[in-house]
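Subject: Structure handover

Hello,

Here is the structure you are taking over. Please open it beside this email while you read.

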Amino acid sequence: MTETGLHQHQAPATGGGWVGRSIPRREDVPLLMGQARFIDDLAPFPGTKEAAILRSPHAHARIVSMDATAALAMKGVHAVVTGADVAALTKPIPNAVQAPIRQYPIAVDHVHYAGEPVAVIVADDRYLAEDAMERVAVVYEELPVCVDPVEAATDAVAVHTGVPSNIVHERRFRFGDPEQAFARADRTVSIEVDYPRITSTPIETYGVIARFDPAQRSFEIWSNFQGPFIGHPIIAGALGVRPAAVRMISAPASGGSFGVKWGVFAYAILLAAVARAAGIPVKWIEDRAEHLAAASSSTGRHTRMEGAFSAEGRLLGLKVDQLENIGAYVRPPEPSTLYRTHGNLNGPYDVRNIAVRNRVVLTHQAPSGLNRGFGAPQYYFPLERLMHEAASRLGIDPLELRMRNLVAREAMPYECASGGMLDGGDYPGTLRQTAELAGYDALIAERDEARARGELAGIGIAVSVESSASSLAYVNAALTPEQRAASSDKSGGLAVATLSADAGGEFTLRLPTVPAGQGHATVLAQLVADEIGLNPDEINVVTAIDTAFSDWSITSGNYANRFSGADTTAAVLAARKVAAKLRVMAGAALGCPPEEIELVDGVAREKGRNSHIAIRKLAAGSHWNSSNMPDGLDGGIQETGVFTPTSLQSPDKDDRVRSSLTSTLMCDIAAVRVDRETGQVSIRKYAVVHDIGRILNPAIVEGQLRGGLAHGLGAALMERIEYDASGNLLTGSFMDYLCPLADDMPQVLIGHASHPTTENATGARGLGDGASMNAPICIANALADAMANAAVSIPASPSRVWSLLNGRDPDERPERNAQTFTGDPGIRGMLTGEGVQELPGKPATVWAALFAVDELAKIIPGCRSLTEVEPDRFEAEIVLSIAGMRSTYNAKIDLTDKDEPQAIRIAGRADGKLGFGLGEAFITLIPIGEASTRLTYRYRADVGGRVAGVGQRMLDSVVRLLIRQFFAGLTSHLDPSSPQPSVMKRIGDAVLRLVSGSGR
Amino acid sequence: MTIDADQEIEVSFTLNGKPVSARCQPRMHLADFLRHRLHRTGTHIGCEHGVCGACTVLVDGQAVRSCLIYAVQLQGAEITTVEGLGTDQELNDLQKAFREHFALQCGFCTPGILMSATDFLGSNPDPSEDEVREFLSGHICRCTGYEGIVRAILATARARSAP
Amino acid sequence: MKPAPFSYAAPRSVGEALELLARYGADARILAGGQTLGPMLNMRIATPSVLVDINRIAGWKLPRRASAQSVLTHALIRQREGIAPDGIFAEVPLARMMMPMVGHYQTRNRGTVCGSIAHGDPTAELPLALLVLDGTVHLASAKGSRAVPARNFYIGPLTTERTPEELVVAVEWPILADTRFAFREVGVHGTHSTLCTAAVALRTDEAGRVADLRVGLTAIADRPLLLDTAPFIGEVPNDDWCRAICDAVRSSLSFVSDMHASAEYRRHTAAVLTERCLAELTSDRAGE
């Protein structure tokens, strides 16, 4: 039942005026004192053990065997749970596009991304669990790898064996008449861009504590899962029990989420299954390496977008071709990232003719998930880059071009061609306001002066629409109308809150959300205080979810900016019900009609009279004297506000869907300078105006904007998840995945436009994604302006910017691609090299020396043992220290293509705790004169595991040093009297350092 | 005298002004020792490789990454953590400034920054904004965009040096 | 990310530390500041059987200096001590000016000067400074001691002359009289996550001719590199001279690619930063 006054933002009857003030946050005190309780601070179950997760070093492989005997023999180790164990206890995780892939939260017989879990070790503590992890012996059979989404889309390499195509979803959409729009266009402009994968990296990682109750066949799971709680039936379904048998409890505090902690759901399934398999409660706290490898990074998107423009710059139509990289599995909620903006494909512009082709492709990368912005940065980047380039081509000022296309104030509320609803605001006015805030005209003048001096200077604009309070149903736009008709209807964005009084007359608001720093409790107290006439300090707030006790639904949780757009309305509705009851009670007590009662400053009083009664007394009375409530009212005070936004429906038969309840316009303008020589970007000015309607707490809003901007700057300038061609993750630590720091932040000018929404009871829209969406685009546009180069891409780090300035591909490493020769296609050749060495003796002598096993064992650097196990097949144990990382490697070496004594091919692989390598070398021997041989060699090798993360710069040097040492030894063996040049000796000694371990 | 890897030894030091003691193996880092042996969970772990700064505490008055120092190294040291800044009843001036300037959101990185700032302000009583941002670059915050933190630290410095 | 088990020793004297190193060799690691070793231990990239904590050693005796004009830093001098104008690097301006770039405020509290030198991170500032100053690393082992010039110390990526049985007991920083220094650094953020660093030392005689020129670069290869500056001594600095030096930087040094920057970028930027250093050192000569 909808509430009266719902679609009308109305000022509260009490006029306490708390909403809109920057009252300090109540969350702060425990946090500042170090008393807040995050998941790793909790110990709900006695006897809980700790888990460590063994993860695949390979991007694609078959698990041949796993032997946990040595691990299980260790004292303090309780269990080693494999994928097969988990598959026996769980059902596969469903996916929204019915892709024929069986997905568990752990690999069962194949791994599909580096970092995928393969076993869970349960031990007394995490230290021991990691020790045991190293003793689980897994044998992999490596399979072909494909990490590039464009390559994956050709299906040259199957990401999943037996799955016919890597493109697991493809749909086209057509709204209006795009063909006609393009036919009548005066100008067509196109852009092709990549949006990189990034990850929002909250400083607190994932945490799960799980217990299985064998008596009840039920699970209790504590975690920092953020919701939406549609995850709950997914988890229960996977665990093979009814939803009522899974109790999920949120930790009281969460250290940041930004969407990322939706992905906790997969680990909730995993650890719950592990607790069941191991028969003991289990706690798992993710470490940072795990988080960067396998938590939740955003999709990467390759987009080609075309705009049909009139000569005056009116955008008549859009053609959008999106290729979405979701990683190795279709893990829920995908393809939601792609469909998040589906209802609002026009962005902030009045364009009604839109054609879309969407494709979702698998790659051997970690599965994607929610991150800050969630699909919007990926969509608006091409759209706003298109507008920028169009302005340039059409000779229209970029600001003016936006003005000519923004949805007009008079057109609000504006129903988008693809079903969304822009609920209000003055888009042109807000952009104008932004231009004034930024001093746009002055910025243009400064830019032009700087250019006259020979500097690279640019101005960028980004205008986008941030959706909030998502519809549950928008991902169903991925299905065809026929598929939708065949499945059950989905809709909604339900929000629920309950306000109750206790026996002391104090009020408590309970709202099922999982705040991770947004100040929900503070803002809720302000809202309730205004409605019932108390101070916020007098309102207790519980923002947590316990599925056994909270009034939650599958839409509950902290995601999609739904707090201010939807949750706050539920709280206000609950508070209004309480206020109404208090007025009846007070009226009865004071002898006047309820309409004459006002609730103000803690009392209920008759308007214009002195008589009053304390609200606290009324509230307590509802407990203590519950049989004597006036007017047949129920005893106690406990009112639930339910906000059922009926406008959030399933996609219709024309694939139109209202994806979200409110739409926040955001305008950013930036002025940048580029150092032509070093590629460094400096931001001279950054201005942002958002229209979030009613501002509930200005300081909290500002904090969200600044934090979002920091995320956006990171994506713009330095953040990108990187894999090498073999699928090794290169950004495995904060040393390589770079986050913005305090001295990276520019000065930011913040303005607000405030046109309240009429979609809810507070007039507030969502915020939170904010500048994380706009900053990358704004800066990219500014750089495109500065460099007069449409090929601008992000992250705009110094090397990439310089490369663009100098006509080079920012990501190409030419020396890496210069393969000197081709060989085994199973070896990519990440490391290649060649060289020549003169050796004493005729070829036949050198040949004999090369393959004399006992001598070879002494010559090969770090070799502890060398055995010929079969003719031409050797096994060796070698200790190597690579860039300070020392480990023992077991090597298998094969000699093939023998053409004695002239040529031979040596192939091999080496495996150790720190990584593995495989390679091949071709060697030829040519006589020089009577007593010397020229040996030429060429090699190609791939490296994986942690050693690969060290980076090719180190490995190239190391290999060269090892080769030099080998030849030094060989030379010495062939002619013990030959003097070694002092340089060679020094290098030789140094390589001894290398193989025996050095460095500090 | 070498302590064997699997040997547990008693580590004793002064924590927030009081003597404490617990047992651990040599390899347990101070952050884990504080959290899991002494049950002071105010110090948080964000990366365990010394970049994020969340685990920063004071050792003999100086800001130190507690994930990069082993408990066994701290025999007899004086350690201050976030729990030692104010009292049960009251936040100290720096903590109050953080609240006043909205310098925290999720609060997970906050204890480390508070301890770091305590050291920094002790040796830099009158810092410029640039100096504050530079020292703050040893901490990653993903929530606030750093503005409130900078304001809070500058405000505290000004207030402390006011006559 | 928890370390693999290690035994722990906290010797009270250098001799005791050296005995431990002699006994355990490559199975031991020295723990000084721990800012570099800590992450490696936590990530199980380093798995020594024994950790030798030298922080309890008091009364470091400094070795005899190789030259009269140098400053010695012993193994426990913390990086933080090098920042203040009157700190340990008071007479070593190149090291002092680079100190604020070394790690962060917090890591400089524990990190040691000698530790940074011994580790030899290919992006680190202090090894570059030592190379440019032509300093010396003093090593000691149970068998004796030796002094290794910086130019021979860095062999490869995180690979130095030091054998596992040796301890860096001190580093010697030459005081270059009448010499001026400049350095420039480019990083992904401002100057963090360094992509290229150049450091230059210049001394001119009374006639304005170059008497001493040193140009060093780091973050471009697997270790810090020195340019051969012999061809540029004896001239009066001018634009052609600067250009020739920058050309030599581009053509005679080696540059690597990694995910953060291409070799081409590093080559170009190395020359740019060198030029900026030279410009700084020669531009206000006219005002002297």
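Predicted model: local features only at pLDDT ≥ 70, side-chain atom pairs only at ≥ 80, totals over all residues.

Residues are numbered from 1 along each chain as its sequence is written, chains are lettered from A and ligands numbered from 1 in the order in which they are written, and side-chain values use heavy atoms, with hydrogens and water left out.

Chain A

Chain A contains 27 helices and 35 strands (DSSP runs numbered from the N terminus: H or I of at least four residues for helices, E of at least two for strands). Its radius of gyration is 32 Å, close to the 30 Å that the globule rule gives for 1000 residues, so chain A is as compact as a globular protein of that length. The radius is taken over C-alpha atoms, and the rule is 2.2 Å times the number of residues to the power 0.38. Along the principal axes, the C-alpha trace of chain A spans about 120 × 75 × 55 Å.

Of the 1000 residues in chain A, 65% are buried (under 20% relative accessible area; exposed is over 50% and partly exposed in between, with a 1.4 Å probe and protein chains only). Among contacts in chain A with a separation of 6 or more, 77% are between residues 24 or more positions apart; contact means heavy atoms within 4.5 Å. The accessible surface of chain A is about 34,000 Å², and 50% of it belongs to carbon and sulfur atoms (Shrake-Rupley method, 1.4 Å probe; for residues, only the protein chains shown count as cover).

A:Glu286 sits in the loop between β12 (282-285) and α9 (288-294), and counts as buried at 2% relative accessibility. Leaving aside neighbours within four places in sequence, A:Glu286 contacts A:Thr205, A:Tyr206, A:His291 and A:Ala295. A:Tyr206 is 80 residues from A:Glu286 in sequence, with 5.2 Å between their C-alpha atoms.

A:Met773 is in helix α20 (residues 770-787) and is buried at 1% relative accessibility. Beyond residues up to four places away in sequence, A:Met773 touches several others, including A:Gly373, A:Tyr380, A:Glu466 and A:Met666.

Chain C

Chain C has nine helices and 13 strands. With a radius of gyration of 19 Å, close to the 19 Å that the globule rule gives for 288 residues, chain C is as compact as a globular protein of that length. Its C-alpha atoms fill a box of roughly 60 × 45 × 30 Å along the principal axes. Buried residues make up 65% of the 288 in chain C. For contacts in chain C with a separation of 6 or more, residues 24 or more positions apart account for 62%. Chain C exposes about 9,800 Å², with 47% supplied by carbon and sulfur atoms.

Nonpolar cores

How many residues does the largest nonpolar core have? The number is 251, and the residues with the most contacts inside this core include A:Ile221, A:Tyr686, B:Phe98 and C:Leu213. A nonpolar core is a set of buried Ala, Val, Leu, Ile, Met, Phe, Trp, Tyr and Cys residues joined through side-chain atoms within 4.5 Å. A second, separate core has 82 residues, among them A:Cys863, A:Leu866, B:Ile9 and B:Ala22. Outside four places in sequence, the contacts of C:Leu213 include C:Val200, C:Phe232, C:Trp241 and C:Leu278.

Backbone geometry

Most residues other than glycine have a negative phi, and most peptide bonds are trans. The following deserve a look.

- A:Met412 and A:Pro413 are joined by a cis peptide bond, with omega about -10°; A:Pro413 lies in the loop between α12 (398-405) and β16 (414-415).
- A:Ile794 and A:Pro795 are joined by a cis peptide bond, with omega about 0°; A:Pro795 lies in the loop between α20 and α21 (798-805).
- A:Thr201, not a glycine, has a positive phi of about 30°. A:Thr201 is in the loop between β8 (187-195) and β9 (207-213) and is buried at 0% relative accessibility.
- C:Ala219, also not a glycine, has a positive phi near 70°. C:Ala219 is in the loop between β12 (210-218) and β13 (225-226) of chain C and is buried, with a relative accessible area of 0%.

Regards
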